[in-house]
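Student: Could you walk me through a couple of spots in this one?
Tutor: Gladly, here it is.

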Amino acid sequence: MTSIVVSSGGAGYGLLVDDRGRLRQAGFGPEIDSHMQQLPTGIPPALYPLAYPAYDEEPTRAPSLRVTHCDGTTTTRLFVEDVRVIGSETDIVLVDPDCPLEVTVCFHTDNHGVIRQWVRITNRQLGAVTLHEVAAASPLLAAASPHLTHFGGGDWSAEWTTTVEALTPGTKVVDSRGGVQPHLQSCPFFLLAPNGRPAESSGIALAGALAWGGNTRFAFERTTAPTVRVWCGHNPANAEYVLDPGATFITPEQVWVWSTEGVGPLSRRLHRWVREHATRDGDQLRPIVVNNWEATSFSFDTERLLGLIDHTADLGAELFLLDDGWFGDIHPRDDDTAGLGDWQVDEAKLPGGLGPLVRRADQRGVRFGLWVEPEMVNPDSTLYTDHPDWVVGQQARGPRRWRHQLVLDVLQPDVADFVSGVVDRVLAANPGISYLKWDANRPLTDPGSPTLKPDRQANYWVDHVRATWRLMETVTERHPDQTLMLCASGGGRVDLGSLRWFHEVWLSDNTDPVARVRMQWAASYFLPANVVGAHVTREGDRPVAFGCAVAMSARFGFDLDFAGLTEDERTVCHRAVELYRDIRPLVQQGELWRLVPPSERAALAYVSADGRRAVLFAFQLTSGTDELGPLRPGGLDPDRMYEVVPVDLAASPGPTRTDVDRQHGAALMEEGLEWPLSEPCTARIWVLRSVSQ
Ligand code: DGJ
């Protein structure tokens, strides 16, 4: 019997290869090294479950892999053929000796405590095999009282709705469909606390994320035994995959992080990893953005936009983003019924094109950004008139419209060229743009393409994601200096796979700051604040100061009609921008400490890596009746003296230096700050700086 340990920061997998060559799991959890050293000897290895059971290998558990082989055999038997450890990657090659199929279970570890795993399947048979279900990962966890936290409200504007539930016997499935923007239904992230409800700074916790820009499935199998088995992968529903002889199928990657001290440390580790590996330029600060969408929707002209650009500059914001509605020369994009696909400026709306806008932005020292939705087409467009066969659809019937639009079939080489060319042409025709918001506003329906043989049409679900990712990669390679935001009807594409080509995501079209506190909180389990776009809008009709404070706790921006602001509101926005410039390195690069989970109130802090600077945000969401103790920041240096500057963005005439207090780090962390708020939709920000004593 051979043992294999795959661990990162001490956490991970303990695996065994038994004498018959079966791969078994001896453990998955924190402190795996010591767990493996303490494995009792003399226990028959058969008592350990198979690590990657194929269909019919274990009659009582759902298979990790289900395949129909080329001769019609529906069962699979997997034996270890090779174990390769090269640097931080471990590949365990399993083969079926009767039906030649090579199934390599791959792991990658790194120094952030993050483990990635995926499965690579190569068809060594003479005919095609059909992959019905292929898990990227399917570990078994010791779990006395497992609690699952999952995210997603099932619809537009409800992303990141958080559910925490105890897992009871049976299988709990959290999955998503729709190919494009499936994350509107269910985000591809979860937390699992094996021994009770998850806590911020105590207890074992596991974060899981599937790095996949398509449909995902997490299934949590629980029996009366103190264990949970977690099945993670692309959603097999309707998506069997036909794999030709010699061809290889690679699953999406599943990302894991363990913590023995609650979800706080787990998030901080994940944030460091995301900045370093899962997003672009993760160590760089993001600009303060002004977007026109919530202020103007499709109704704007050059004058209105010039006014917004001037406001952007006056405010001290750094980038103006022109959203949907700027294009469609023959089929003007005056609403969402026409123009998609025709990426020429609508000169009737914007005489002289974007030039005057870009120039004004440049003169005022503001960067210029532009919205595109390159994968889509309105039937009411020149593109569709010229190429009605370029859309995703089935042979037997015409495709269905959704938001009046169709999805371009990026499996067709001409279409892929067109889509990547959209960005080339838009940037060439409109010099001076340095930021793109890439949107996608409908799900995939009628999945099918003439590029696939009739018996391979179901491959579409997976191939579409891969083709889309290739396009995203092409765009980033050709335009490495563009800052890119990923959006899909709001937060429909927030995943750790697609993010690698983007600098930030649009989390949701729900911008009511009360809802945003909850959403940003949920997303913060996995995503660092510098990738989470958060804009102040009028949604929810909340005070602008409150909206600013909430947006400032992520990547700050505005979606406001500045002309409609009162003088006081304008002052608040100015103050917010000034303060954000100061605290931005903390928010965007600091360590997050979640202090008070959102119910009536919420609070969080960002602390610099050296503990010398920090910013705390406190939000009063409703009129509070909850008893709340003082607000205790974490991560400070107990031996240092801190200057504590409270900021109330709404205060008149504004915060004064007399409010400044000095306190020891130890006192701040133990005794804390008194909760200062009682009115709903108010906020307080404290800026902490260590000073010599
Ligand atoms: C959906 C996005 O989430 C919005 O921010 C906006 O860009 C619209 N699409 C434009 O159609």
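Tutor: A term to begin with: contact means heavy atoms within 4.5 Å. This is a predicted model, where local features need pLDDT of at least 70 and side-chain atom pairs count only at pLDDT 80 or more, while totals for chains, interfaces and linings use all residues. Residues are numbered from 1 along each chain as its sequence is written, and side-chain values use heavy atoms, with hydrogens and water left out.

Student: Is H535 buried or exposed?
Tutor: H535 is buried, at a relative accessible area of 4%, where buried means under 20% with a 1.4 Å probe and protein chains only.

Student: And what is H535 in contact with?
Tutor: Leaving aside neighbours within four places in sequence, its contacts include V289, N291, W506, R555 and D559.

Student: Which side chains make polar contacts with H535?
Tutor: The side chain of R555 does so at 3.0 Å, and that of D559 at 2.9 Å; a polar contact is a pair of N or O atoms within 3.5 Å, and within protein one must be able to donate a hydrogen and the other to accept it, with residues adjacent in sequence counting only if both atoms are side-chain atoms.

Student: Which residue is the bridge partner of F320 in β23?
Tutor: That is F368, and for V372 the partner in β26 is W438.

Student: How many residues of β23 are buried?
Tutor: Five of its six residues, in the run 367-372, are buried.

Conventions:
Buried means under 20% relative accessible area, exposed over 50%, partly exposed in between (1.4 Å probe, protein chains only). Helices (H or I, at least four residues) and strands (E, at least two) are DSSP runs, numbered from the N terminus. Two strands pair if DSSP finds at least two bridges between them.
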